[in-house]
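Open the model in your viewer and keep the sequence at hand.

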Amino acid sequence: MSLPETATPLVRTATGFFQAQALFAGIELGLFARLCTAPATAEEIQREFGLHPKLTRDYLDSLVAMELLGRDGSAYKPSPLTATYLDPRKPEYMGGFLAHNQRRLYPAWGKLPGFLRSGESLVQQLSEGDFTDGLYADPKRTRHFADAMDGYAVLLGRPLAQKYPWESVKSFTDLGGCRGLLTMRLAAAHSHLRGVTFDLPPLEPLFDELIEKEAGDSDLRDRVSYHAGSFFTDDLPDTQVYIFGHVLHDWVDERRRALVQRAFEQLPPGGTLLIYDSMIDDERRDAAFGLLMSLNMAMISGSSEYTVSEGAGWMKEAGFEVERPVPLNELSTLLIGNKPV
């Protein structure tokens with residue numbers, strides 16, 4: 001075996017949290033939101049945010065080097081990436097998702113060695129209930145969680161709207177769709193679609209709040225709705241397509257099979273189930289993000305990600321005819337299962 005030329009990859013990995021924390025700080029301070037309104041010099045930023053004068057320029061120039069900010073002369077401005085995804089006024093804003101990583105996931109990953117020995121998830125440490133109990137017990141936590149899940153809708157709404165043939169579909173239901181941003185984005189992209197978000201009752205007020213923002217002058221209010229309930233115990237809405245998006249990875253295999261089976265039983269003949277997650281490649285060699293996300297899910301909720309073959313297998317067991325997997329983006333894979341006519 002030949003010797004590697006350099007240890008730089010190890011250094012970059014070991015110090016990757018430098019960049020993560022620099023990003024998180026910009027969100028927490030409100031720096032990105034401020035610069036999306038107008039450029040500012042280092043001196044203006046230092047005064048506005050009460051930053052230490054000896055640290056401000058290094059921090060801002062780090063963000064320039066990370067391509068999160070641009071610098072025009074002495075003025076700092078948002079990069080295209082920041083202007084698109086870190087401006088709270090933009091429809092593609094995903095700051096809530098990134099803040100969730102800082103608030104909930106970053107501290108948990110600092111305890112990885114202990115978790116690898118104990119295997120005890122945060123849910124097991126805190127209560128005997130499932131992971132949703134803590135999320136919805138406090139309205140503030142519910143809103144933070146909904147903000148985080150909106151980030152997934154931003155990432156996946158457009159590719160899902162483009163990579164599945166919605167032209168032949170009249171109705172769909174997003175099972176476990178949080179406050180409904182994905183439902184609204186799919187319905188907005190295809191004006192003939194009617195969509196339902198199905199999730200627990202505490203999220204319904206946030207759906208009502210969001211639809212007012214998303215609909216504007218369109219007919220979206222007439223084409224999307226919220227149905228409160230548990231997808232384990234309550235009847236599922238009548239529809240042509242069910243979606244489980246970043247839902248199965250929240251549960252252990254037995255409950256995943258139960259959800260897929262319920263979807264099959266309640267879909268009409270010719271109906272379709274769409275499942276997407278950060279799935280692991282069948283050889284378990286290439287999907288670094290999916291494998292690390294699997295550890296993340298185990299740490300948070302006691303569940304995991306799964307391979308493409310495992311997901312397709314659950315669908316086939318239930319009776320679906322499964323199509324070839326579709327990559328939605330670099331992080332998520334879509335499985336399509338059709339109920340025979």
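Start by selecting β2 and strand β3 (residues 75–78), which pair in the antiparallel sense over four bridges; strands pair if DSSP finds at least two bridges between them. Helices (H or I, at least four residues) and strands (E, at least two) are DSSP runs, numbered from the N terminus. This is a predicted model, in which local features need pLDDT of at least 70, side-chain atom pairs count only at pLDDT 80 or more, and totals for chains, interfaces and linings use all residues. Residues are numbered from 1 along each chain as its sequence is written, and side-chain values use heavy atoms, without hydrogens and water.

Within this pair, pick Arg71; Tyr76 of β3 is its bridge partner. Next select helix α5 (residues 53–65), which packs on the sheet and touches β2 and β3. The direction of α5 makes about 110° with that of β2.

Now show the whole sheet: it is open, has three strands in the order β1-β3-β2, and its pairing is antiparallel. β1 (40–41) and β2 (69–72) are at the edges with a single partner strand each, so one side of each lacks a neighbour in the sheet.

Move to helix α11 (residues 139–163) and helix α12 (residues 181–189), whose axes come within 9 Å and cross at roughly 25°. Axes are lines fitted to C-alpha atoms, for helices over the stretch in contact, and angles run from 0 to 180 degrees between N-to-C directions. α11 is therefore roughly parallel to α12 (angles under 35 degrees count as such). To see the contact (heavy atoms within 4.5 Å), select residues including Leu156 and Leu160 of α11 and Leu182 and Leu186 of α12.

Methods: Angles under 35 degrees count as roughly parallel, over 145 as roughly antiparallel, 65 to 115 as roughly perpendicular and the rest as oblique.
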